[in-house]
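Subject: Structure for you to look at

Hi,

Here is the structure I promised. Please open it alongside this note; my findings follow below.

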Amino acid sequence: MACECNTGKESELFVITPLMFRDSTSIYKRVNDPPVRNSQEAFMMEMRAARMVQAADSLLKLVSELKQTAIFSGFASLNDHVEQRRVEFNQLGEKTDRMLSRIGEEAAASLKELESHYSSSAQKTIQNLQP
């Protein structure tokens, strides 16, 4: 059996012997034999399983990081909210203190005014004259 191949400038003659052809087909047959094919399939399944395990591990790590981020950002926003409410209550407390101080000052002024009216009134002079 002969095969002629043109390479462009010169022609070369390649001879494929039946022995070479038989060897190549026997190699092909050996690769396709059930034990070899089964071992190849087993190897491929092991590789796929290992990749699936790595992917699952990656996903678990990602979910864990997302949970931590959600928890910590939740704490941060909660802390911000608590701080905001604390400031609001402090302002409300200061406003209440100012209002109470003003009410106390007004009550004291009113009491002084009432005392001055009482002391200058006729009722006091009459009570002072009676034994």
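Start with Arg86. Its relative accessibility is 43%, so Arg86 counts as partly exposed. Arg86 makes a salt bridge with Glu83, and the closest N and O atoms are 2.5 Å apart. The two residues sit three positions apart in helix 2, so about one helical turn separates Arg86 from Glu83. Glu83 is partly exposed as well, because its relative accessible area is 38%.

Before you go further, note that this is a predicted model. Mean pLDDT for the chain is 77. Of its residues, 65% reach 70 or more. Residues 1-17 need care: pLDDT stays under 50 there. The model has 14 contacts beyond four places in sequence for that stretch. Where pLDDT is low, predicted coordinates should not be read in detail.

Overall layout

The chain has three helices and two strands. Along the sequence the order is β-β-α-α-α. Helix 2 covers residues 34-119. The chain has 131 residues, and buried residues make up 0% of them. Its accessible surface comes to about 12,100 Å². Carbon and sulfur atoms account for 62% of that surface.

Salt bridges

How many salt bridges does a search of the whole structure find? The search finds four. One of them is the Arg86 and Glu83 pair described above. Side chains of opposite charge can pair when their charged atoms come close. Two further pairs are worth a look.

- Arg85 and Glu88: their side chains meet in a salt bridge at 3.1 Å, N to O. Both residues lie in helix 2, three residues apart, about one turn of the helix. Arg85 has a relative accessible area of 36%, so it is partly exposed. Glu88 has 34%, and is therefore partly exposed.
- Asp57 and Lys61: the closest N and O atoms of this salt bridge are 3.6 Å apart. These residues are four apart in helix 2, so about one helical turn lies between Asp57 and Lys61. Asp57 is partly exposed, because its relative accessible area is 37%.

Nonpolar patch

Which residues form a nonpolar patch on the surface? They are Ile71, Phe72, Phe75, Leu78 and Val82. Together they have about 510 Å² of accessible area. Leu78 lies in helix 2. Is Leu78 buried, partly exposed or exposed? Its relative accessibility is 45%, so Leu78 counts as partly exposed. The cut-offs explain the label: buried means under 20%, exposed means over 50%, and partly exposed falls in between.

End of helix 2

Ser119 belongs to helix 2, and that helix spans residues 34-119. A polar atom of the Ser119 side chain lies 3.0 Å from the backbone oxygen of Ser116. Ser119 is partly exposed, because its relative accessibility is 37%.

What to take away

Best wishes

Notes. Residues are numbered from 1 along each chain as its sequence is written. This is a predicted model: local features need pLDDT of at least 70, side-chain atom pairs count only at pLDDT 80 or more; totals for chains, interfaces and linings use all residues. Side-chain values use heavy atoms; hydrogens and water are left out. pLDDT is the predictor's confidence in each residue, from 0 to 100. Contact means heavy atoms within 4.5 Å. Patches are made of residues with over 30% relative accessible area and no salt bridge: like charges are joined within 9 Å, nonpolar side chains (Val, Leu, Ile, Met, Phe, Trp, Tyr) within 5 Å. Accessible areas come from the Shrake-Rupley method with a 1.4 Å probe; for residues, only the protein chains shown count as cover. Buried means under 20% relative accessible area, exposed over 50%, partly exposed in between (1.4 Å probe, protein chains only). A polar contact is a pair of N or O atoms within 3.5 Å; within protein, one must be able to donate a hydrogen and the other to accept it, and residues adjacent in sequence count only if both atoms are side-chain atoms.
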